[in-house]
Structures are given as structure tokens and as C-alpha cells.
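I opened my notebook for this chain and wrote down what I looked up, step by step. Have a look at the structure with me before reading on.

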Amino acid sequence: MAKKPFLIGITGGSGSGKTTVSKALITRLADNNPILLQQDVYYKDQSDKPMEERMKTNYDHPDSIETDRFVADLEKLIQKQAIDTPVYDYAEHTRSSKTTHVEPGDVIIVDGVLLFNDARVRDLMDLKVYVDTDDDIRFIRRLQRDTHERGRTVEGVIEQYTATVKPMHNQFVEPTKRYADIIVPEGGGNYVAIDMLMNQAIAMVKKEE
Ligand SMILES: Nc1ncnc2c1ncn2[C@@H]1O[C@H](COP(=O)(O)OP(=O)(O)O)[C@@H](O)[C@H]1O
Ligand SMILES: O=c1ccn([C@@H]2O[C@H](COP(=O)(O)O)[C@@H](O)[C@H]2O)c(=O)[nH]1
């Protein structure tokens, strides 16, 4: 029987450094057949709605994610089956018509802002990590990223952050810190924590062999 993959879940507020940590781990674990799955690609399709309406969606509420499909895909990867994930376009606030084919791996790294919200998802994780970065640093990072990479204006970022991102963070993201096995301060720059996570993943993969 194929060995069970080791699944690491990485959550934390928007701009905390989840993706940076996840990608650093993928690089370090290159010899251990790692794959990255981002919860963000499971944001619900909104192609039937006009842009004006899509801009008003609350993307920081758990209802904005197609969690049933996300859970089903995670279960397939754990059973060593390939999946085809949606592709999400942040500038258009909807899915593109493409999909991404993902082959199963021995280490599965999953990142997402609302990752520990659903018990079904939490129960699939072997190691749960919360990246903990100050709110003001996260906001500055988000402002820079969203204006450079996600087609937003400064005013739009401030408005969205105040209306939904911050209140939903306090209601749905920060409280999930209590489910974490490990809390990583500052995210991407914390090489000690990233190396510890890498060593744990390698040890677990070797144990399964
Ligand atoms: N330690 C760090 N120092 C400076 N910038 C960082 C650091 N970690 C992440 N960033 C930057 O902040 C932005 C958000 O980081 P990212 O990893 O995408 O966060 P998240 O996935 O939690 O939203 C990115 O532009 C990234 O390059
Ligand atoms: O159409 C969308 C979908 C999501 N968002 C925002 O993205 C972040 C999650 O991504 P991070 O990489 O963790 O920052 C979430 O806070 C949503 O507000 C969006 O703006 N538009």
C-alpha cells in the first residue's frame, strides 16, 4: 500500500507570511516529493455576478470558500490520487476557466486564511501551524501586495480591510490559533521555525517508509 502523505496546514491572518513559509518549505523539502495546495483557489466561482457585486463579497467569511470540494480534494490527495483544482483570479474576483492538475505528494502543504475553521479540514492535518504577525505589519504587506499584484487601489484596500478583513480576522482567524500545534512569529523571515518544520516533515516521511 502507498505510504500516507504527511499533511502540514499553515494558517494565519492575511499578509502574515503563510505563502512565504509554505514556499520556503516546498523548496527545503524538494527531495521529499512535496506539493502545495492553497485554500484560496477554492473561493467560490462568481462568474455569473457583475464585477460591482463581486467587489462587495466578504472574502474573509468561511461561506466564501467551497469547503466541500476542498475537503474532497484533500481526501483524494491523502489517498494518493491526483486532483484538478480551480484557478482563482484575485483581480477578477472569480475563478478562471482553467484548472490545475496536481499529482499526489509525500508531503502536502496546505495554506489558507480560513484553514482551521472547519473541523473536517483540521482533522485531516498532521501538523497545524499558525503564522502570527502583528496587525499593522500584515496591513502594510497587504497594501503593498494588493496594489502591486492584485490590481487594487490604495483606497480599495483600506476600505476592504476596515469593512471585512479586520473584523472577520478577529472573528474567524485569530480564534483558530488555539488549534495550532506550533505558532510561528513573523512568518517568512523566521528561518529557525521553517527549518524545524522541515525537519519534522522529513522525520515523519521517513517514519512512514
Ligand atoms: N518576513 C517578511 N518580510 C518582509 N516581507 C514579507 C515577509 N514575509 C512575507 N512578506 C511579503 O508580504 C506579502 C504577504 O506575504 P504572504 O506570504 O503572501 O502572506 P500571506 O500568504 O499570509 O497572505 C508578500 O508580498 C511577501 O513577499
Ligand atoms: O476575490 C478575492 C478573494 C480573496 N481576497 C482576499 O484574499 C485574502 C486571502 O489571501 P491572503 O494571501 O491570505 O492574504 C483574504 O483576506 C481576502 O480578503 C480578495 O480580496 N478578493
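My entries below go from the whole chain to single residues.

**Entry 1: the whole chain**

I noted to begin with that I am working on a predicted model. I counted the secondary structure and got 7 helices and 7 strands. Going along the sequence, I wrote down the order as β-α-β-α-α-β-β-β-α-β-α-α-β-α. I then looked up the radius of gyration: 17 Å, close to the 17 Å that the globule rule gives for 209 residues, so the protein is as compact as a globular protein of that length.

Then I turned to contacts with a separation of 6 or more, and 76% of them join residues 24 or more positions apart.

**Entry 2: the domain in the record**

I looked in UniProt, where an unreviewed entry lists residues 4-152 as "domain: AAA+ ATPase". Over residues 4-152 I read 32% helix and 26% strand. The end C-alpha atoms of that stretch are 41 Å apart.

**Entry 3: the annotated binding site**

The unreviewed UniProt entry also carries a "binding site" annotation, which covers Gly 12, Gly 13, Ser 14, Gly 15, Ser 16, Gly 17, Lys 18 and Thr 19. Which of these residues are in the lining of the largest pocket? I found Ser 14, Gly 15, Ser 16, Gly 17, Lys 18 and Thr 19 there.

Are they buried or exposed? Gly 15 counts as buried because its relative accessibility is 14%, under the 20% cut-off. Ser 16 is buried too, with a relative accessible area of 0%.

Next I listed their contacts, leaving out residues up to four places away in sequence. Gly 15 touches Arg 138 and Arg 141. Ser 16 touches Arg 138 and Arg 141 too, along with Val 131, Thr 133, Glu 186 and Gly 187.

**Entry 4: helix H7**

I followed helix H7, residues 191-208, from its first C-alpha to its last. Its 18 residues reach 26 Å, close to the 26 Å expected at 1.5 Å a residue. In H7 I marked Ala 193, Ile 194, Leu 197, Met 198, Ala 201 and Val 205 as buried. Why do I say that they line one face of the helix? Seen down the axis of H7, the buried residues fall within an arc of 140°, so they line one face.

What do these buried residues pack against? I found E1, H1, strand E5 (107-111), strand E6 (127-132) and strand E7 (182-185). On the face turned away from the buried side, I noted the exposed residues Val 192, Met 196, Lys 206 and Lys 207.

**Entry 5: Leu 143**

My last stop was Leu 143, in helix H5 (residues 135-149). Leu 143 counts as partly exposed because its relative accessibility is 22%. Not counting residues up to four places away in sequence, Leu 143 touches Val 154 and Val 157.

Conventions
Residues numbered from 1 in each chain as written. Chains lettered and ligands numbered in written order. Predicted model: local features only at pLDDT ≥ 70, side-chain atom pairs only at ≥ 80, totals over all residues. Heavy atoms only, no water. UniProt positions renumbered as here; feature names shortened; annotations may be inferred. 1 Å grid on protein atoms, 1.4 Å probe; cavity = no way out; pocket = protein on both sides within 12 Å on 5 of 7 lines; lining within 4 Å. Buried < 20%, exposed > 50% of the residue type's maximum accessible area, 1.4 Å probe, protein only. Contact = heavy atoms within 4.5 Å. Helix = DSSP H or I, 4+ residues; strand = E, 2+ residues; numbered from the N terminus. Expected span 1.5 Å × (residues − 1). Arc of directions from axis to C-beta. Rg over C-alpha atoms; globule rule 2.2 N^0.38 Å.
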